[in-house]
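This report is written for a reader who meets the structure here for the opening time. Please keep the sequence and the model at hand while reading.

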Amino acid sequence: MNKIVGLLFLGCSIWGILGCSTEKKVEKKTEIRTELSSGWEFSQRDSGVWLPATVPGTVHTDLLANGKIEDPFYRMNELQLQWIDKKDWEYRTVFSVDKELLEKKNQRLTFHGLDTYADVYLNGKSIGVTDNMFRTWVFDVSGQLKADSNELRVVFASPTRRGLEEMKRYGLRLPADNDQSERGGMGNDRVSVYTRKAPYHYGWDWGPRLVTSGIWRPVVLEAWNNVKVEDVFIRQPQVTREEARLIAEVCINSDKRQNVEVEVASEGKVLVRESKELKVGKNEISIPYSILNPRLWWTNGLGKQELYDFTVRVVAEDDVIVEKGVTTGLRSLKLVREKDQWGESFGFELNGVPVFAKGANAIPNDVFLPRVTRDKYEKMVADAANANMNMIRIWGGGIYEDDAFFELCDKYGIMVWQDFMFACAMYPGNPEFLDNVREEAIDNVVRLRNHPSIALWCGNNENALAWRHGSPGGWGWKNQFTKAEQDTVFKAYYEVFHEILPGVVEQYTDGDDYWPSSPMAGPEPTQHGLDGTTSGDQHYWGVWHGFRPLESFDEVTTRFCSEYGFQSFPEMSTIETYASPEDYDIESEVMKSHQRSYIGNGRILDYMKMYYRVPDDFEQFIYMTHVLQGLSTKMGIEAHRRNTPYCMGSLIWQINDCWPVASWSTTDYYHKWKAAHYVMRDCFKEVIVAPKWNGDTLAIYGVNNGLDSTRAMLSIEVVNFAGRLCLSYHKGVKLAPNTSAVLFQLERDTLLAEASARNTMVVVRLQDGYEILDEKNVYFEYHKDLDLSDPRLSIEAIEEKGEKFILVSTGRLACNVMFYLPGVPAFFSDNYCDILPGREYKIKVDTDLSPAEIEKRIKIRYVH
């Protein structure tokens, strides 16, 4: 849904144009804020046994810290822990408050995350009941605090037992295919959809079933007198390079009727100041202002990530009595859906420029969410930026991520496609559930709306597709209902995703775009659940689930591919954290338990047989799964980018894991890069060559997703595996912005001449002076049919200006060489790469080892 917000800037103060040079300091401490994070204990309800607890935390991690359970991720321990979600749990702490806080008129407790069904007591009195993990719960405790000590108790009901009660109350068993109810000892009772809790906690085809409870986000005690600035939203109705027209929407809570001045300041200057009369209670104030020649926020690769810090101050009697800051970036960012010669476009436009979305889907970084620190968020977002991504899709089966994630996306220039938390299921439609969803949406839209990285709000993941796909049966869901029941189920679907959620986005943002479901061809009823090929977005799973060859990426058109992917195992150092040597067989119970796709291990093996020789050695097989995933990733991305501008987005499934597991992730649970992540970095560069066999013709495509035209020299060299040059072509080319074009075509027979297809390759290079913009290797046969032999690599380690490097050379082609240092944390700037004879490769190594130790301990793997 695109919408244009028209706003008249009546009475816009001259302050907004010129800026005032003075700022006032806050003269009085009107507000106290403290986090209640210490002294917590927890207990299994009515057991009488209390143990130390960590808040924020979860029951599972507290049990683990107290030695009451084994590591849930090790081997098959998960199965022994399914009793935890069937129990009730209680948390308590005692805290004191000082005289200053007690004298404040307003006192409240805010729980930023309670998982999930909780009764909250302060000094023995109930202050509230919660039933949604995703909401912020605020309780007024004015007059209820004591000077000496205060006891805070939170009692959590079993989420699965309560879910079962809600299912029985609703009267319909709603579909939720990924809920691993049998693994949890609940038979066919898939209760996850009846509870507003992270769906992936109940299991997924890449995750365990560990249904948590606990205080998973901070608990904050606040107190203030007179005035509190509750929220500041910087609306951006019109942003251009010449002027940013802005509106500061400020929510002010006042204890009394009073006249004040409200000012907006930034970078040492007051931008606008207006007189306001506050009433008792909440006051919604809008203050328009402008910034000339604004510094715009751009995505990774297109420009700088400029951010502005704005401060809103309330001034009375020439004193600043309260202030609140907000950071945002100024930009125009929208989803463009326009009729064209092919159908209807689907792509993002930033500051008036079309942007090819290069990125990945993200799931939560851990099953146990409080373990996700800011550093771990930064590792994930930096990994995305360093792989030349500009978008992450927050998938609808996880959580609305912490503020830190969005702050980092703002910093690194990563657009966010934000799903609401609904995935692969149908949901209840009773009034209590719908009201709960509405409040959840408001909480999270308001919390996140200032982030310039937010590009799109999406209702759900695959719900419409599952309900309609292969109509009339969909994924088989409709068959379990009568016609009247089908109408009831779809009515609830329509109300949530076509009325409630878009209504919240419309009301609480400044025109953010909303998309009802991913994937879908369009929001009209006739388009619900249709996978987008000429319009909308598409999840392409012909590769993997459909067991189609990797070449099929080129055979299926898509306007925006928001999901596709291929599995691999994590590397051996990660497998060693959850398995013992006796488990090192993909058919062992432990390895199968850490593979949640029902077709997973067999599907990997079958695809490997198509393209590579299958090794007998377990560790070599694990490595080959990385190589295979990298090949699939390359073919998918290049297919999408070759179709620019018909296709304007390529989001791989997925960038991260929530536990150590075989999955579609390009980095594992410990954020170690797999081959696919290196491949993404190369294929997501601004300018690439993307060669493709069309039968016996090699078509060399050039793709430029930058803002400017690029001139370069195209080189095509045919070499054998010993490094002998057989043939070469050179051609000057020009690549226009946001286009893909065939730069050169050559026949197979011409390229091979008298050479053998089994030991000859084509090296395609795009070069600007001495700078190599991109280089790709093309083979005439699948790797399983190539004449590959021991390359006998030479590796020398050196140190330059405090940085370590390896110099690598070979006398014969080595394919997909993986460098690693067993037992030592290390990151190689390039890895899983082809090493060609006659060249020297210089690869940076981030490690604490000395060059001598690197040379002594370094190991390699390559394709045999």
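## Strands β25 and β26

In this predicted model, Ile-394 of strand β26 is the bridge partner of Ala-362. The two strands concerned are β25, which covers residues 357-362, and β26, and they pair in the parallel sense over 4 bridges.

Side chains in a regular strand alternate between the two faces of the sheet. In strand β26, which covers residues 391-394, both faces are covered, with Met-391 and Arg-393 buried on one side and Ile-392 and Ile-394 buried on the other.

## Strand β20 and its partners

Strand β20, made of residues 308-316, is largely enclosed by the rest of the structure, because 8 of its 9 residues are buried. Strand β17 (residues 258-266) pairs with β20 in the antiparallel sense over 5 bridges, and Val-262 stands opposite Val-314 of β20.

Strand β21 (residues 319-328) also runs antiparallel to β20, and 9 bridges join the two; here Asp-309 has Thr-327 in β21 as its bridge partner. Together β20 and β21 form a hairpin with 2 residues between them, and Glu-317 in the turn has a positive phi of about 50°.

## An open sheet of 3 strands

Strands β15, β16 and β19 make up an open sheet, in the order β15-β16-β19 and with antiparallel pairing. Because β15 (227-239) and β19 (281-292) stand at the edges, each with a single partner strand, one side of each is left without a neighbour in the sheet. On average, neighbouring strands of this sheet are turned by 20° against each other, when direction is ignored.

Strand β16, which covers residues 243-254, is joined to β19 by 12 bridges, and these two strands run antiparallel. Ile-252 stands opposite Asn-283, a residue of β19.

## Pocket and cavities

A probe the size of a water molecule, rolled over the atoms, shows where empty space is left. The largest pocket holds about 1800 Å³ of space, and of the 48 residues that line this pocket, His-112, Glu-230, Asp-231, Lys-324 and Arg-447 are the closest to its centre. Strand β15 gives the most to the lining of the largest pocket, with 7 residues.

The count of cavities of 30 Å³ or more comes to 3, and in the largest cavity lies about 90 Å³ of space. This largest cavity is lined by 17 residues, of which Ala-176, Ser-192, Pro-199, Trp-204 and Ala-423 lie nearest its centre.

## Helix α13

How far apart are the end C-alpha atoms of helix α13? At 1.5 Å a residue, the 25 residues of this helix (residues 618-642) should span 36 Å, and the end C-alpha atoms are 36 Å apart, which agrees.

Helix α13 is mostly covered, since 22 of its 25 residues are buried. The N-terminal end of α13 is capped by Asp-617, which has a side-chain oxygen 3.2 Å from the backbone nitrogen of Glu-619.

## Backbone features in the loops

Most peptide bonds are trans, and most residues other than glycine have a negative phi. The peptide bond from Thr-644 to Pro-645, however, is cis, with omega near 5°, and Pro-645 is found in the loop between α13 and β32 (649-652). Another cis peptide bond joins Trp-653 and Gln-654, with omega about 10°; Gln-654 is found in the loop between β32 and α14 (675-683).

Glu-462 has a phi near 70°, a positive value in a residue other than glycine, and this residue is found in the loop between β28 (454-458) and α8 (463-468). Arg-792 is not a glycine either, yet its phi is positive, at about 50°, and its place is in the loop between β39 (771-779) and β40 (794-800).

## A polar contact at Asn-705

Asn-705 is found in the loop between β34 (697-704) and β35 (710-720), and at 7% relative accessibility this residue counts as buried. The side chains of Asn-705 and Asn-738 are joined by a polar contact of 3.2 Å.

Methods: Residues are numbered from 1 along each chain as its sequence is written. This is a predicted model: local features need pLDDT of at least 70, side-chain atom pairs count only at pLDDT 80 or more; totals for chains, interfaces and linings use all residues. Side-chain values use heavy atoms; hydrogens and water are left out. The expected span of a helix is 1.5 Å times one less than its number of residues. Buried means under 20% relative accessible area, exposed over 50%, partly exposed in between (1.4 Å probe, protein chains only). A polar contact is a pair of N or O atoms within 3.5 Å; within protein, one must be able to donate a hydrogen and the other to accept it, and residues adjacent in sequence count only if both atoms are side-chain atoms. Two strands pair if DSSP finds at least two bridges between them. Axes are lines fitted to C-alpha atoms, for helices over the stretch in contact, and angles run from 0 to 180 degrees between N-to-C directions. On a 1 Å grid over the protein atoms alone, a cavity is a set of points where a 1.4 Å probe fits but cannot get out, and a pocket is an open set with protein on both sides within 12 Å along at least five of seven lines; lining residues have an atom within 4 Å of a point. Grid points are joined across faces, edges and corners, and a volume is the space filled by probe spheres set on the points.
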